[in-house]
Amino acid sequence: MVELLRHKVRFGELSYGPFMHNATFFDLLIEATEELSYELGYTVEEIVDAGGVPYAPVAIHAELSRYPRYDDTVVVGVDPVAVGETNVQFEYRFERAADGERFGTARMVQITITPEGTAEPVPEDVRAELEARGPAGLEPIEITPRAPEGDGARFTREVPFRTPHIEAAGLGYFEDYARELSICLETFLEDRGHSLGTLTDGTYPFVPVDWNFTLERSIRFEDDIEIVGQTLDADDRSIDIAYQLRRPATDDICIRGDVTYGCFGGDGERVAFPSEAVELFGDE
């Protein structure tokens, strides 16, 4: 595994509890990718200077067993898994610097988008470098989010993607998708008579522990987006919700995803959800 960065958790990155907000993981993945571009000799800067969008994620699967706390240092490393004609799949690994404990992984499929909006072929020298680094035993995985279907509770939220959501390429920023899903979920809880705060009493519910996303169409500056959430499963161990980010003006689905939420105690270990939280996600 190639170590890409070490990141000390800052106070401003915490969620409503003592743990780092899950959106920060997306930010760390982008920082790690930039560092990886230097390792490969095909840098983010040169791609941006040529008018492209470098190493854009198009699919991600992540699993987390625990969450970093304030003053932890997160170590992010990477191994290449597979190289296609225009895409690469990497496995990013999250470890705690204090004891080397691995607490999470993320598989990402990434492409570089040309100024014309197409996927750029992987350069031959980059391909050779990745194939030389690829470890034995890692196989590519298919990332297919679950569809929003069934009888579970359904909820929506509309959001215009203005400049706070937008990266330099004029596209929606990776981290902000996760933040908007959190707001959508919290709004649903309030609509059912419970704020997130009323469900937090010594434990911290609705912390994402697994997720799958596919980014199928770019979200651009000033796009009006509808977020649709659909409960798939809910019990005291986990609550699974499928999401779509849709562009109503063109009837496009831009992002498909599913998220498994867990509940954590103050010591960082998984605990059961409060029964009143589970009941909110029953049938419509």
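User: How many disulfides does the structure hold?
Analyst: This is a predicted model, where local features need pLDDT of at least 70, side-chain atom pairs count only at pLDDT 80 or more, and totals for chains, interfaces and linings use all residues. Residues are numbered from 1 along each chain as its sequence is written, and side-chain values use heavy atoms, without hydrogens and water. A disulfide is a pair of cysteine sulfur atoms within 2.5 Å. The number of disulfides here is zero.

User: Which cysteine sulfur is nearest to that of Cys254?
Analyst: Cys254 is in no disulfide. The nearest cysteine sulfur is 15 Å away, and it belongs to Cys184.

User: Is Cys254 buried or exposed?
Analyst: Buried means under 20% relative accessible area, exposed over 50%, and partly exposed in between (1.4 Å probe, protein chains only). Cys254 has a relative accessible area of 0%, so Cys254 is buried.

User: Are helices H1 and H4 roughly parallel or roughly antiparallel?
Analyst: Helices are DSSP runs (H or I, at least four residues), numbered from the N terminus. The axes of H1 (residues 23-40) and H4 (residues 174-191) come within 8 Å and cross at roughly 170 degrees. Axes are lines fitted to C-alpha atoms over the stretch in contact, with angles from 0 to 180 degrees between N-to-C directions. Angles under 35 degrees count as roughly parallel and over 145 as roughly antiparallel, so H1 and H4 are roughly antiparallel.

User: How far apart are the end C-alpha atoms of H4?
Analyst: The expected span is 1.5 Å times one less than the number of residues. H4 has 18 residues, so H4 should span 26 Å. The model agrees, with its end C-alpha atoms apart by 27 Å.

Notes: Helices (H or I, at least four residues) and strands (E, at least two) are DSSP runs, numbered from the N terminus. Angles under 35 degrees count as roughly parallel, over 145 as roughly antiparallel, 65 to 115 as roughly perpendicular and the rest as oblique.
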